[in-house]
Amino acid sequence: MLKKIIKLLKSLNTNRNPGEIAHAVSIGFILGLVPKGNLLWIFLFILFLFVRINKGALFFITLLASAIAPSLDGLFDSLGYWVLVHPSLSPSFSLLLDIPFIAFTSFNDTLVMGGLCFGLLSYIPLYFLARLFIRVWRNSLLPKLVTIPLFKKLGNLFKIKSAVDILR
Amino acid sequence: MNDEKKQKKPKKIKQAKTFSIKKIPSFYKKKKNLKKIEKKIFKGLHIANDESFVRSLYMQKDGQYFLIEDKTFTKKDIARLKKIAKDIKSQKAFRINLLPLAISLACIFALVLSVITFKDLVLKIAVQKIGESIFQAKCDIDYAKIELLNAHIRLDGIQQADKNAPMKNLFEIDRIDIDFDLLQLLKKKFVSENIEVRNIAFGTDRKSSGFIPQKEKKQKEKKEGDGFDFNALLSLPIIQDEKNDIIESLSSFNPETILSNLNDSLRSPDLAKTVIDDVGFLYTKYEKLPNEFDIATKDVQEKIKEIQAIDIEELKKNPTKIPEAISLVQSSLDLTKEIKTKIDKTSSELQGDVKKVSAYSKEIQTAFNADLTFVSKEINKLTSFRLGDAKTIIADELEKIAIRSLGKYYPYAVLGLEKVKEFSTKPKKEVKPKKEKKRIIRTGRIITYKKDTKPSILLQNIHLSSLVSDWDISAEIKDISNDMDLWGRPTSAEFIFDTSSIKNFGSLVFDLRESRENLIVVNYDGAGYPMDLSKISQSLIEGAESQKLSIPGLPLISGTSKIQSKLVADDFNVFAIEGSLLLDPCSVRSASFEPDFVYNLYARALQKLNSLDASFKIQNTKDAGFDLKISSDIDAQFIEIFSELMNEEITSIQQAATKEVEAFLRESLAPVYDAIGEFNSIDELIENQKKKLEGYQKEAEKKISELKQIASNRLEEEKQKALEQVQEQGKEVVEDAVKNVLKGFF
């Protein structure tokens, strides 16, 4: 896990495409919000493994979102319920449930649907926010941080010295 | 930034080695076009310092970028440029990692291929194992196929061996087709829309042994069911003390019954007892005498034989032996007289007892005649015959069969129903102690859209068909489920067993829903089945009980049946069975009984019964308990026919009954006459012996007189000779001598 975080930090501090990280953040957010233990989560997780995104960012954000998701369950439940029982959508969902294996996705669980919808809705804003953060981090924050001795020590501790050195 | 640091610490840093533009990565050299460099290099730079550093490599001229040829680089610069080039190269527009995806897809494909290849084999082995574990004998399947997408299973040539007869099949099924609901299966529910079972055969031969070694299993203790106790029912008097009502009703014409009823009014039986005792005593008194007299008579007879052996001619020639012969004859005569005296004395005593016995004989005869007259009068009083209307002779037989059938099959029915009830009742979830969950699983509300009415086990339609010899068997079973309340339908079944002559149709509704009307409703219609009620009854009784079927007069019914029945049960112990039984044509017969004339009429009446129409109702309720009613017009018909026959021939019946009574009385009095006869035989024997002795006496006396005559003649002759000698030698001497010789005789 530590390697993933180091990789994330390296990616943040190098010329890696910020889109990769931003997508990873958005996807990680979705995976974090959607409850685990259902086919939908597994399917999304495997699917995103084959997508060229920053895996470090993905795992980190997934963990982070998973930690905060239970506190938002009320919101997800309401949102998921609203979506699932929406008159224009419920016939489709009903048909979906009649397809073998689809039920294993637990899409008819209000938390799953709520988490998924919330994650999808927040995908684009989060993507742009992530990109903005990366830009700010790379161009403004990082140059200032590297001058702080404590950051240097932390950098050494987490073996990111080489990444920082490159920026010098 | 690097320049600033270099300025701060100029003394510490040595003069770095520089490199020309040729040493930078070729990545920066290839692109000449302005647009290409912008797109491929500058666009990939996302750090401002790096961008300015890379841009410093180029100069813009005539709408194109050119590398600054005289620019020098340190080792760090070169490394930095390499790192930047690597980062830019790694930024690919296409966001899918194709290689891992392809590998994963290949794995999935291999997995699917494996499932497709081995699914049929797995199914075959699984079904075989299930069959073998249930029936504890080998299960063979010729062909098995499962189509997952079509949700269809096909099994061909199933042969389940019989564990008790390994070379026989318990059953053999040509083909089973199962259409199941894959969607429900994925929800851990087995829902089958159609199951078709074709050509079931039982007890067929196997080519190889079906034996498999058994694993020892702990036998489960049988639960003592709270089922209805039929043992109590079976101990009803109707079974324990089987009596033939018809014979009881005919008792007024039965001599034995007549005599037993009129026993107090009859003289002869009591008198017979007295006479037998008295005559017996007298017989004992005299019984040894004939033998004793016989021995004595034989002695006399021996003596007489000796007398008879005396040669008269010899005596004539030799007169000296005459005294000896006369002495022998005289002793025999004395013995004869002695014995005769004894016999005479006994005979005179016996004659007194003979008269007494003779008086007894006359008295018995008088009593017999008086009793016969009395009984005849009593029989003649029976001017008409009527069996009670309430008599249900044949219905009773049906009742017994019904009770025996229930007694035999009810426990099995209860056991089966308990198993079905156990299966069909919604499984109760056992409360297990909750373990502390380490992980919190987030679950929200599950929206189902459609009400899930499918229980975890549901077999919607099962169709069975078979043609065993000339039996056409088919059955339709619907809605077998383990939660009828959820499914909303009871289990129903219809079956047909037909041949060209026999038709059987049955239907069953088994309902365990809370809103049910009845737990079980069973209807059965059958026709054309040859039925022998006595054999059925016999098959229901074990051991000595079956001997009851040979009870005289018990109707033995057989015929071609037509049965309609309906069973309704609200609980295992609350049930009602209603129906009708028609035997048309039918034959009713019975074992013979006494008296013959009544049996003959009874048999004739039974023969006139050509059909049996009976209705039955068996019910057991919590309040009223067990009740069984079987009614049939055949009893009324029989009683009518039998009464008519009896009345038509009442006179002859009375005569026959009188004859029977007479014969019976004669038979009853026969020992008396025998005793009298035996006693009289003593008298006869003694009389015979007496006559014999008289004969012997006469013979002895005749012999004596004959001897005397000879002696006398001889005397005369001697006398004549003596006279002649006297005349010649002296008459006196001779006469004296003769006198001396004959002196002993006179």
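Analyst: Contact means heavy atoms within 4.5 Å. This is a predicted model, in which local features need pLDDT of at least 70, side-chain atom pairs count only at pLDDT 80 or more, and totals for chains, interfaces and linings use all residues; pLDDT is the predictor's confidence in each residue, from 0 to 100. Residues are numbered from 1 along each chain as its sequence is written, chains are lettered from A and ligands numbered from 1 in the order in which they are written, and side-chain values use heavy atoms, with hydrogens and water left out.

User: Is B:Arg513 buried or exposed, and what is its relative accessible area?

Analyst: B:Arg513 lies in the loop that runs between strand S10 (503-510) and strand S11 (520-532) of chain B, strands being DSSP runs (E, at least two residues) numbered from the N terminus. Leaving out residues up to four places away in sequence, B:Arg513 touches B:Met484, B:Asp485, B:Gly488, B:Arg489 and B:Pro490. Since buried means under 20% relative accessible area (1.4 Å probe, protein chains only), B:Arg513 counts as buried, with a value of 18%.

User: Which residue of chain A forms a salt bridge with B:Lys450?

Analyst: The interface brings 44 residues of chain A into contact with 35 residues of chain B, and the rule finds two salt bridges across it. A salt bridge is a side-chain nitrogen of Lys or Arg within 4 Å of a carboxyl oxygen of Asp or Glu. For B:Lys450, the closest N and O atoms are 2.4 Å apart, and the partner is A:Asp98.

Notes
Helices (H or I, at least four residues) and strands (E, at least two) are DSSP runs, numbered from the N terminus. Buried means under 20% relative accessible area, exposed over 50%, partly exposed in between (1.4 Å probe, protein chains only).
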